[in-house]
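Please examine the structure shown below.

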Amino acid sequence: MRSRRIIGTALATVLGALAGVPAAAPALAAPGNPGEPRYTAGAPSAGDPYFPDQGNGGYDVRHYDIALSYDPATRYMDATTTITAAATQDMDAFDLDFRGPDVTSLTVNGHKASFTRTGQELVVSPRPKLKAGQTFTVVASYAGTPPVITDPDGSIEGWVPTDDGAFVPGEPQGAPAWFPGDDHPTDKATFTFHVTVPDGVTAVGNGRLVSKTTTGGRTTFVWDQAEPMATYLATVTLGTFTVAESVTPGGIPVYTAVDPRLVTQSAAAVARIPDILEYFTSIFGPYPFGSAGAIVDRAPDVGYALESQTKPIFSSAPSVGTMAHELAHQWYGDAVSPARWSDIWLNEGFATYATWLWTEHTGGATAQQTFASSSNYGRAATSSFWQVVTADPGPEDMFGNVPYNRGAMTLHALRGKIGDAVFFKLIKDWVAGHRYGNASTAEFVDAAQKASGMDLTAFFDVWLYQKGKPASW
Ligand code: TRP
Ligand code: ZN
């Protein structure tokens with residue numbers, strides 16, 4: 001379910017070559033009959049410069065069915081992932097992104113396929129070859145211990161063992177730790193998870209709980225995520241959890257799973273979920289998914305929360321503000337995902353601004369006061385804070401202060417510039433127009449100009465594209 005390609009094959013090929021992975025063969029003029037298939041390898045990259053190994057060309061994933069069993073005591077996983085995809089070219093080879101344990105078998109359309117592994121590229125050679133437009137099914141089985149992945153900023157993600165299970169964050173590159181796929185936000189798909197764990201362990205995935213069956217000392221949880229989801233938002237966090245199920249006044253089922261040691265500390269934030277969703281629905285438009293919730297775990301080495309679709313995951317007890325931030329991401333980040341990682345301020349700036357609005361709504365500082373504070377516009381012009389570019393922070397600073405705080409400041413300044421009525425219509429229409437897909441900074445700039453009828457080039461230039469503290473706008 002790819003909404004758009006970022007760049008053409010030429011750059012993807014260059015990036016693939018730079019990354020040391022095999023590049024797609026260039027498409028030569030066809031000497032044969034017109035319409036005769038010319039099989040080439042799918043590109044090994046989506047062409048995103050922040051993570052050149054991420055994503056692949058030649059196909060669009062439609063659905064992931066991930067069946068895995070995991071034993072926290074041995075940290076051993078036994079898994080089979082079934083990918084349903086559509087070929088976008090005549091193809092004799094394609095890549096999957098995968099950093100998980102040993103692949104024990106792999107078939108394409110029921111035929112055993114040969115494969116090789118280089119870095120995170122699992123290169124598959126399907127026989128018979130695939131034709132453009134053809135839907136195909138890949139079944140990959142693998143077993144062993146999935147890896148913890150370290151990010152450019154030094155933080156960890158992927159499959160992170162906890163003292164009673166595993167914490168499973170995937171942003172920006174953790175998903176290939178535990179399932180093979182097309183790991184770039186532009187290839188969204190629906191997901192089904194079947195997770196088998198020892199009795200007493202609860203496995204929590206995205207979407208709705210379809211069934212829970214216990215046999216022979218093990219329990220299988222089946223979760224279904226019916227709306228398209230970016231791979232980085234997938235989770236099956238598991239452990240000992242206190243579970244509660246309820247329904248919001250608006251009719252959205254809410255499933256919360258909280259580490260029993262954190263129930264008291266997180267009670268205030270968990271209790272506010274319905275109020276936060278109701279407030280955000282009033283300003284951002286309808287909640288975009290069929291279910292909601294949260295997973296509060298104890299994963300001290302992770303130290304951050306993540307907006308996993310329908311159920312954000314917290315590595316410690318969250319404050320109400322952190323809960324609001326992750327729930328705001330359901331609109332900005334999850335329903336509408338970045339076209340490329342340099343657009344991360346569209347996630348973090350919006351979620352941060354949403355929290356400013358929530359704070360004002362609940363009687364705290366006004367958004368204007370937060371804007372002006374010493375952690376925001378009040379920072380000295382000489383501060384190094386102003387030296388990171390909002391709309392291109394680089395892979396090391398994508399979760400640093402700038403996409404969050406300068407991103408939120410950008411939105412507040414925009415609101416001042418175009419007025420409340422235009423601003424709030426713009427951000428609501430943004431979700432309605434792009435939900436279940438992706439959008440870029442350039443598209444946001446364009447939408448803001450169209451909505452306001454103003455030339456905002458200079459405004460966005462100083463806030464998004466230039467270093468330095470904006471002095472006037
Ligand atoms: N997107 C998360 C949030 O702000 C934070 C996050 C995800 C993160 N992955 C990360 C922070 C990796 C640091 C490193 O809600
Ligand atoms: Zn965030």
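Nine salt bridges are found when the whole structure is searched, a salt bridge being a side-chain nitrogen of Lys or Arg within 4 Å of a carboxyl oxygen of Asp or Glu. The structure is a predicted model, in which local features need pLDDT of at least 70 and side-chain atom pairs count only at pLDDT 80 or more, while totals for chains, interfaces and linings use all residues. Residues are numbered from 1 along each chain as its sequence is written, chains are lettered from A and ligands numbered from 1 in the order in which they are written, and side-chain values use heavy atoms, with hydrogens and water left out.

One of these bridges joins Asp 163 to Arg 298, with the closest N and O atoms 3.3 Å apart. The two partners are 135 residues apart in the chain: Asp 163 lies in the loop between strands E12 (160–162) and E13 (165–167), and Arg 298 in the loop between strands E21 (292–296) and E22 (305–306). Helices (H or I, at least four residues) and strands (E, at least two) are DSSP runs, numbered from the N terminus.

Asp 163 is exposed at 55%, whereas Arg 298 is partly exposed at 35%. In another bridge, Arg 261 meets Asp 259 at 2.8 Å, N to O; Arg 261 is partly exposed at 44%, but Asp 259 is buried at 0%. A further bridge, of 3.7 Å from N to O, pairs Asp 343 with Arg 340. Through shared partners, salt bridges join Asp 163, Asp 164, Asp 259, Arg 261 and Arg 298 into one network.

Asp 334 presents another case, in the loop between helix H4 (320–328) and strand E24 (336–338). Asp 334 is buried yet has no salt bridge, and the nearest side chain of opposite charge, Lys 188, is 7.5 Å away. Here Lys and Arg count as positive and Asp and Glu as negative; His and the chain ends are not counted.

The nonpolar interior comes next. In soluble globular proteins, nonpolar side chains tend to be buried together. A nonpolar core is a set of buried Ala, Val, Leu, Ile, Met, Phe, Trp, Tyr and Cys residues joined through side-chain atoms within 4.5 Å. The largest core has 67 residues, and those with the most contacts inside it include Leu 68 and Trp 178. Strand E2 (residues 59–71) contributes the largest share of this core, six residues. A second, separate core of 65 residues includes Val 270 and Phe 284.

Terms used:
Buried means under 20% relative accessible area, exposed over 50%, partly exposed in between (1.4 Å probe, protein chains only).
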